[in-house]
Protein chains: 2
Amino acid sequence: MRTTLADIARELGVSKMTVSRAINNHPLINADTRERVLEVAHRMNYQPNQHARALATSRSYLIGIVVPDLMNLYFAEVTRAIESVARPAGFQLLICSTDEDPTREIGQVDALLHRTDGLIISSALAPTETKSYRKMLEEGARIVLVDRTMRKLRCPAVATDNVRVGILATQHLISLGHRRIGHLCGDGSSMSAERRQGYERALARQKLRIDESLVRTCGLLESEGYLAMRMWLAKGDVPEAIFVVNDPAAIGAMQAIEEAGLRVGKDVALVGAGNIHYGDMLRVPLTTVSWSRSEMGQEAARLLIQLINGKAQSAKAQNIILAPELIVRSSCGAKSPGSAGTGTAGR
Amino acid sequence: MRTTLADIARELGVSKMTVSRAINNHPLINADTRERVLEVAHRMNYQPNQHARALATSRSYLIGIVVPDLMNLYFAEVTRAIESVARPAGFQLLICSTDEDPTREIGQVDALLHRTDGLIISSALAPTETKSYRKMLEEGARIVLVDRTMRKLRCPAVATDNVRVGILATQHLISLGHRRIGHLCGDGSSMSAERRQGYERALARQKLRIDESLVRTCGLLESEGYLAMRMWLAKGDVPEAIFVVNDPAAIGAMQAIEEAGLRVGKDVALVGAGNIHYGDMLRVPLTTVSWSRSEMGQEAARLLIQLINGKAQSAKAQNIILAPELIVRSSCGAKSPGSAGTGTAGR
DNA sequence: CTGGTCCTTGTTACCGATAACAGGATACTA
DNA sequence: TAGTATCCTGTTATCGGTAACAAGGACCAG
């Protein structure tokens, strides 16, 4: 059986409470006593029982993370950034992937909420589906949204300016001389809607007609981008330039285009979003819109830890928007600025 | 405050125990009573307190996963496979990344061991460093090793035949006519050592001289492969063909080779191992050795769940070896079998 | 009518920690 | 020397469940 507080107490002839205080560095304890206790605890290889501690204090020192897709390196980066803040603060991570499935997401969140101190969620839900989250928040759930936010929800959040992401990508394609510009749109998430909004706004600014038939819904997974593009190619009438909602879907689309015998960047210009790892090393390096994943994860972790520690923040400080920037590579047909792409050396 | 068993019991005028039995589908309970309890539990939105349950039963229904690098999609795939088995069995995953740091690994494992029902570990430790794990196993820790095993440890494990991985890769380079074949070797893990052994064995079979100066240690991360290759290039005397211990390091090496103005597959032939996602979509598609990541994860999860449930297995069944196979793409200089690489359609 | 079995429910104690309060010892002050 | 402040330690109850045992009632056989 594992060593418990009681074992150490017996060994030393003191009370459990004294041992507990020594272990937790409580101020009300004699320095000598603490030394003695710690020495014995170490000798007996004492490891506190986290479940008992959690039960008594209702603090688990666990942070739950719910992401739509762990195979998307974008989220792997965000997760790693969260970890870099959470671990030094004494938290461990409970990670779940929903595979972009809203039903699974609700289930996961429900299960995690009660065994963690708080959640960081990148939601696959439609922005209208705020009901369940609203209820949880009312009941005191500690949640921070990351990457995909829900405007109607009063909840701390870290994201990029997705409208601007759409504008940057589309504007770039326009500036390259393209006029017939398509969009592979994501699912029902707010992020997808905003990027589409950016796409339309960029077209409108240049007085280009918005053609509904040039917008097709694909989803956010690589496989979905592949399928959507394949169908589009089969139907014909594929535009000369396409802004794809995110990098994985863009890479899927790339695949479909190449399989159809067309050349990405020549026959079809592509721009993605997210700047995922490997995007610069692909057969055709992917032009994309980028923002900091590490900042995103770190800020989210900080916000959540503040929430957990009960340090209230001004509402403004609880909504962090990261600025996006365009990264030009060759999938858009622009001349690539260097042979090796952008900003990849030394990684 | 959250609903507890006691709340429901009070509401219904029964004892906590009856409620507990109803919730857990205990056989010793009247069907009507159970219905009534469940109805009220549902109405009051009861969610059992996992910490209390874990404390009372010493079962947490958590599985800990320790991987060396979450940015390596190889481990993301393994993790997803573990999840596909663990979730239906009622377990949630606590995931940690060690970034190939042995000290961090020990710390993580120590912390996880006591808050989970068991661990699945892909260790960054040297195969000689079995002391701490041996001790944990003696104390009854439930551990399954995955991908990187430690032969001297009597512990269930799932891995591939790493000697054969090295043989397949090196043999292929030999069969392409190369005679001066180098090896970028991993760190001190058993996996690295075995792949190197395979490399040497393949050379020996063809009566090729084993030249120590053609073997350089790099590590297992992409950044390490990049650095090692850059240093090798700076020193000069880079061989015409190199087997790199794994795909991320190979991709890093690729990067360095291209930056030096050389062509991968023409000036330097590369073979990696692991068949990571995107390997087929790179500027120069990566020749590699592959085995099933999903099988690996699923088997590991099954073994661990059996351990947790106390179902002893024969020692033989507890050591699963997956067969590796060569996947030829163009980084080795062989003519690629098709324009789109191998087995990527429809993903 | 008594005693035993079966089925269901309740009682008590405990898992391993912590919070809140009580109390003993020592030292300092008036 | 009594009073009180300070510092440290112990006692008791509690967190929310579950295991083990006790016990009440219905039913049946002898």
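Reader: Which residues come nearest among the 24 around DNA strand C?

Author: Thr4(A), Ser20(A), Asn49(A), Ala52(A) and Ala56(A) come nearest of those 24, a residue being near a strand if its C-beta atom, placed from the backbone, lies within 6 Å of it. Two or more residues of this surface come from each of α2 (16-23) and α4 of chain A, and from each of α2 (16-23) and α4 (50-57) of chain B. The model is a predicted one, in which local features need pLDDT of at least 70 and side-chain atom pairs count only at pLDDT 80 or more, while totals for chains, interfaces and linings use all residues. Residues are numbered from 1 along each chain as its sequence is written, and chains are lettered from A and ligands numbered from 1 in the order in which they are written.

Reader: What makes up the surface near DNA strand C, by class?

Author: It divides into 13 nonpolar, nine polar and two charged residues. Here Ala, Val, Leu, Ile, Met, Phe, Trp, Tyr, Cys and Pro count as nonpolar, Asp, Glu, Lys and Arg as charged, and the others, Gly among them, as polar. The largest share of this surface, five residues, is from α4(A).

Reader: How many residues of chain A are in contact with chain B?

Author: 40 residues of chain A are in contact with 40 residues of chain B. Elements of chain A that each supply at least two residues to this side are α4 (50-57), α5 (73-86), β2 (92-97), α10 (222-235) and α11 (247-259). By class, this side of chain A has 18 nonpolar, 14 polar and eight charged residues. "In contact" says that the C-beta atoms of two residues, placed from the backbone, lie within 7 Å.

Reader: Why are the two copies said to be related as by a two-fold rotation axis?

Author: Chain A superposes on chain B by a rotation of 180° with 0.1 Å of shift along its axis, at an RMSD of 0.2 Å. The two copies are thus related as by a two-fold rotation axis. In chain A, the C-alpha of Arg283(A) is nearest the axis, 1.7 Å from it. The same surface serves both copies, as 98% of the contact residues of chain A recur in chain B. The superposition is by least squares on the C-alpha atoms of residues with pLDDT of at least 70 in both.

Reader: Why is α8(B) called oblique to α9(B)?

Author: The axes of α8 (residues 162-175) and α9 (residues 190-205) of chain B come within 7 Å and cross at roughly 40°. That makes α8(B) oblique to α9(B), since angles under 35 degrees count as roughly parallel, over 145 as roughly antiparallel, 65 to 115 as roughly perpendicular and the rest as oblique.

Reader: What is the hand of the crossing of α8(B) and α9(B)?

Author: The crossing of α8(B) and α9(B) is right-handed, where right-handed says that the near helix is turned clockwise from the far one by less than a right angle, and left-handed anticlockwise. The residues of this contact divide into eight nonpolar, six polar and five charged.

Reader: At what angle do α1(B) and α3(B) pack?

Author: Helix α1 (residues 5-12) and helix α3 (residues 31-43) of chain B pack at an angle of about 120°, with their axes 10 Å apart. α1(B) and α3(B) are therefore oblique to each other. Ile8(B), Glu11(B) and Leu12(B) of α1(B) make the contact with Arg36(B), Val37(B), Val40(B) and Ala41(B) of α3(B).

Conventions:
Axes are lines fitted to C-alpha atoms, for helices over the stretch in contact, and angles run from 0 to 180 degrees between N-to-C directions. Helices (H or I, at least four residues) and strands (E, at least two) are DSSP runs, numbered from the N terminus.
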